[in-house]
Amino acid sequence: MSQNITYKVTSLECFREKYSKTNVVSRIDFKFFVEDTIYNLTASIPSSIELSIVVEPDTFIEYENLTEDQVINWIENNITEDHKNSLISLCNTKIKLQDTYNRPLLPWENN
């Protein structure tokens, strides 16, 4: 099964103040999407991750300067394999429920 995995950030939870910084992101809520590229079916499931808070002055990004790509990078760097595999499994179950019709290979593709 060929699949694409994507994330869509839905909200950020922040500490009002942490290490002399304001709006320090501590939790990311997101939708996890799995697209089956063979049958063109997609499923999603909401999830979240808690971040370990380390504020490094040289790399800290102020809340108002964050981009979705940066936050998605945080998700990808902080999600555990077990968490990710669980989300994939749940989405695959949803995709199988969508795929209620038989889609055999075309007769000329059976070589």
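Guide: What follows describes the core and then the chain around it. This is a predicted model, in which local features need pLDDT of at least 70 and side-chain atom pairs count only at pLDDT 80 or more, while totals for chains, interfaces and linings use all residues. Residues are numbered from 1 along each chain as its sequence is written, and side-chain values use heavy atoms, with hydrogens and water left out.

The largest nonpolar core has 24 residues. A nonpolar core here is a set of buried Ala, Val, Leu, Ile, Met, Phe, Trp, Tyr and Cys residues joined through side-chain atoms within 4.5 Å; buried means under 20% relative accessible area, exposed over 50%, and partly exposed in between, with a 1.4 Å probe and protein chains only. Tyr7, Ile28, Phe30, Phe32, Ile49 and Ile75 have the most contacts inside this core. At least two of its residues come from each of strand S1 (3-18), strand S2 (21-36), strand S3 (41-50), helix H1 (68-78) and helix H2 (81-98). S2 gives the most, with six residues. Helices (H or I, at least four residues) and strands (E, at least two) are DSSP runs, numbered from the N terminus.

Ile75 can be followed individually. Apart from neighbours within four places in sequence, Ile75 is in contact (heavy atoms within 4.5 Å) with Tyr7, Val9, Ile28, Phe30 and Ile49.

The protein chain as a whole has two helices and three strands, in the order β-β-β-α-α from the N terminus. Its radius of gyration is 19 Å, well over the 13 Å that the globule rule gives for 111 residues, so the chain is more spread out than a compact globule. That radius is taken over C-alpha atoms, and the rule is 2.2 Å times the number of residues to the power 0.38. Along the principal axes, the C-alpha atoms fill a box of roughly 65 × 20 × 20 Å. Of the 111 residues, 27% count as buried. Among contacts with a separation of 6 or more, 62% are between residues 24 or more positions apart.

Two residues other than glycine have positive phi values. Serine 20, in the loop between S1 and S2, has phi near 65° and is exposed, with a relative accessible area of 68%. Asparagine 23 lies in strand S2, has phi near 50° and is partly exposed at 35% relative accessible area.
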